[in-house]
Amino acid sequence: MVLLVTSDNEQFQTEKDIVERSVLIKNMLEDVGESDQPIPLPNVSSSVLKKVTQPSTGPTEIDVRGRYLSTASTTVESPSRPPILEQSQDETRKRTTDISEWDQKFITVDQEMLFEIILAANYLDIKSLLCRRWLQDGSQHDQGARPPEEIRKLFNIVNDFTPEEEAQIKKENEWAEDR
Amino acid sequence: MAVSTDLEGTERTKNWSDIAQFIQEAGIYGLAVELLALIFELTMTDETHVADVHRVSQVCTQWRRIAHGTPRLWIRPLRVNLYSASNAKGDNAAVCLRAWLARSAPLCVRVSFKQALPGTIHRGVMEAALAAAPRLRAVQLQTMPTTPAWLVKRLAQCALDSLEELDLGMVAADLTAEAEADAEPTPFAVPALRTLHMINLGTLQISVPWPQLTELTFECDSLDIIFEVLRQGAPHLVTASIAVLGESELSPEHCVPVHFGHLRTLSLRFRADLSPFLDHLTAPLLTTLRLTLHLAHWDCEPLAACSPPASCPGCTTWPCTTEPCPAVTFWQT
């Protein structure tokens, strides 16, 4: 077990394999070796740390267009669809993916908390939380970046640029390559 | 297509990427703009930031609007190629660079100018960058084979209000008739300057607020130029690297004491006799001294009068008898 101390001076006894998801904490543990000394986390509050250190449980499902489902293995249509999806040619297609119950609870936080969680994830260097892999795929693309068309495909986003904007984008890319 | 196919599949229940996935998904549909902008920012790295920011700004109009409206996405160190294979490419580069820098406003940016191939510098690109002169935090010139004197003079005409670091590279001699007639140093308006790097191959002299510098790398052909600079005072220098490439001796009128009250690290590379420099130098806080000397000047008297430098802990006498001495190397000719 590892003892963590948050910015509001709360102490957390947490399993080592959980806290080691954080590269920052993992490196600190490697530096200090076996020790009962508490690890201070001055940039993370107790409420945020609870969210990023709780272990996960079983799988359920979400509608990836934006709404969680209350039960596993069920897919429902999102009740409020964003404008960008209204333009989708495949309006009836539903996509599902597994997500744990804990993750579900995790996500049902308000946006202010989500903001804090992302900042904490950045500080703690929890790479999987930083969304980096969602826009990057180093094995397939130069510089580790997914091209915009793949991001659109991944998230079912419609390319709504005008021809003039497309021409501008083309010029941007020409400059970026010559830079 | 299930998005989960892109994730590591073994430990699904403990895979934090699912959370990232949801955040990303939710960001498209309804997260606050600030939150989505933060996610964009966290996906960027200094090495790939141009591709990174283009990637998110070229997905759809919504993402483009958010990216263009978030200045901090556009302030990573930017390398600008001043060479262009054609006027059309150069003109496009100027337009794109101007737009890029405009998106970073009002924040400061760091720019390094390079020239991928020797040849004509596209002035339109240079001017596009200088349009943001008051917001330039750092400027580095890496043109081939040297930095033209006109480029330094053009830079000096700008109000570089935020400039803290200036690297002029290897500045060529100014052979124009005007330069021959005008011996005055080129003044820079750099009220925030802290770091200056310059290798002066010619006669062009510049004037900056020397007393506020904390780091100086200066190479030139003569001891006179060095003392001309140093006698203006650099009391806050912490790190200095000074090289004199020529063999001319110090003129009597330049023999003035130079006091570095805060200097900790000093590197000297002299082809000429080091004695005049050391005779006039005091640096009570100096902890690291590195010398690169011509063999002919090894046993100079001022060295013998000095204490062994801390950078050579094995020294018991000075000049050092340790081989190899970490504080001294010989000039390779």
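Colleague: What are the ground rules here?

Modeller: It's a predicted model, so local features need pLDDT of at least 70 and side-chain atom pairs pLDDT 80 or more, while totals for chains, interfaces and linings use all residues. Residues are numbered from 1 along each chain as its sequence is written, chains are lettered from A and ligands numbered from 1 in the order written, and side-chain values use heavy atoms, leaving out hydrogens and water.

Colleague: Why is the pair of Phe40(B) and Trp63(B) called tilted?

Modeller: Rings of Phe, Tyr and Trp (its six-membered ring) pair if their centres lie within 6.5 Å; planes under 30 degrees apart are stacked, over 60 edge-to-face, and the rest tilted. Phe40(B) and Trp63(B) have centres 5.0 Å apart and planes at 50 degrees, so they're tilted. The pair links helix 2 and helix 4 of chain B, with the two residues 23 apart.

Colleague: And what makes Trp210(B) and Phe218(B) edge-to-face?

Modeller: Their planes are at 75 degrees, with 6.4 Å centre to centre, and that angle falls in the edge-to-face class.

Colleague: How do you know whether Phe40(B) is buried or exposed?

Modeller: Buried means under 20% relative accessible area, exposed over 50%, and partly exposed in between (1.4 Å probe, protein chains only). Phe40(B) has 0% relative accessibility, so it's buried. Arg55(B), at 2%, is buried as well, whereas Asn9(A), at 63%, counts as exposed.

Colleague: What does the side chain of Arg55(B) make a polar contact with?

Modeller: The side chain of Asp52(B), at 3.0 Å. A polar contact is a pair of N or O atoms within 3.5 Å; within protein, one must be able to donate a hydrogen and the other to accept it, and residues adjacent in sequence count only if both atoms are side-chain atoms. The Arg55(B) contact, at 3.0 Å, is listed as one.

Conventions. Helices (H or I, at least four residues) and strands (E, at least two) are DSSP runs, numbered from the N terminus.
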